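Q: I would like to learn how to read a model of this kind, one feature at a time. Could you give me the general idea for each feature, and then the case at hand?

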Amino acid sequence: MSSRSKYKTKQRETLIAYLESMPGTHITASDVCEYFKEKGQPIGLSTVYRQLESLVDEGIVNKYTIDASSSACFEYMGGDSHKDAEACFHCKCEKCGKLIHMHCDELSEIGEHLFKEHNFKINSMRTVLYGICDECMDEK
């Protein structure tokens, strides 16, 4: 647990409630700001980043950095579950930029193979497979 102060502010509680309503969904700080702006409760981007980073430190939220050109994504996990979280992989569409969050046993098996046979442990929070999503394939 971080040494940062965990003040129970109204904004923090509102942010946690929003994240809880989005389980298994990747969101960016900009997504959060846009959501609260539409609700008539604007929150500054720096406040959102600060709160999200604090929640990452506490183990309530996972942070995924996909690549240098994409915004960091955050996912609500609740409690300290990210420390023992199952492998999570990502697919990114090279055409539209869509990010697909995957929990897949077959990909986990590849990770296990790489570790057992090649002594290499994948950081699944930073593993991205690039290709074309189904929607972009349908456009062709």
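Q: How many helices and strands are there in the protein?
A: Helices (H or I, at least four residues) and strands (E, at least two) are taken as DSSP runs, numbered from the N terminus, and by that rule the protein has five helices and five strands. Along the sequence they follow the pattern α-α-α-β-β-β-β-α-β-α. This is a predicted model, in which local features need pLDDT of at least 70 and side-chain atom pairs count only at pLDDT 80 or more, while totals for chains, interfaces and linings use all residues. Residues are numbered from 1 along each chain as its sequence is written, and side-chain values use heavy atoms, with hydrogens and water left out.

Q: What share of the residues in the protein is buried?
A: A residue is called buried under 20% relative accessible area, exposed over 50%, and partly exposed in between, with a 1.4 Å probe and protein chains only. Of the 140 residues in the protein, 34% are buried.

Q: Which residues touch the most other members in the largest nonpolar core?
A: In soluble globular proteins, nonpolar side chains tend to be buried together. A nonpolar core is here a set of buried Ala, Val, Leu, Ile, Met, Phe, Trp, Tyr and Cys residues joined through side-chain atoms within 4.5 Å. The largest one has 19 residues, and Leu-15 and Leu-19 touch the most other members. Helix H1 (10–20), helix H2 (29–38), helix H3 (45–58) and strand S2 (73–76) are the elements that give two or more residues to this core. Apart from it lies another core, of five residues, including Tyr-64, Ile-66, Cys-73 and Val-128.

Q: Which residues does Leu-15 touch, not counting residues up to four places away in sequence?
A: Contact means heavy atoms within 4.5 Å. With those sequence neighbours left out, Leu-15 touches Val-32, Phe-36, Gln-51, Leu-52 and Leu-55. Gln-51, which is found in helix H3, counts as buried at 16% relative accessibility, and, again not counting residues up to four places away in sequence, Gln-51 touches Thr-9, Arg-12 and Leu-15.

Q: What covers the buried residues of H3?
A: The buried residues of H3 are Thr-47, Val-48, Gln-51, Leu-52, Ser-54, Leu-55, Val-56 and Glu-58, and their cover includes H1, H2, strand S1 (61–64) and S2. To check the length of a helix, one takes an expected span of 1.5 Å times one less than its number of residues; the 14 residues of H3 should therefore span 20 Å, and its end C-alpha atoms are 20 Å apart, which agrees. H3 is followed by Gly-59, whose phi is positive, near 85 degrees.

Q: Why is the pair of Tyr-18 and Tyr-35 described as stacked?
A: A pair of aromatic rings is described by the distance of the centres and the angle of the planes. Rings of Phe, Tyr and Trp (its six-membered ring) pair if their centres lie within 6.5 Å, and planes under 30 degrees apart count as stacked, over 60 as edge-to-face and the rest as tilted. The count comes to three aromatic pairs. The rings of Tyr-18 and Tyr-35 have centres 4.2 Å apart and planes at 25 degrees, so this pair is stacked. It links distant parts of the chain, with Tyr-18 in helix H1 and Tyr-35 in helix H2, 17 residues apart.

Q: Are Tyr-18 and Tyr-35 buried or partly exposed?
A: Tyr-18 is buried at a relative accessible area of 7%, whereas Tyr-35 is partly exposed at 29%. Tyr-35 also forms an edge-to-face pair with Phe-36, at 5.0 Å centre to centre and 85 degrees between the planes.
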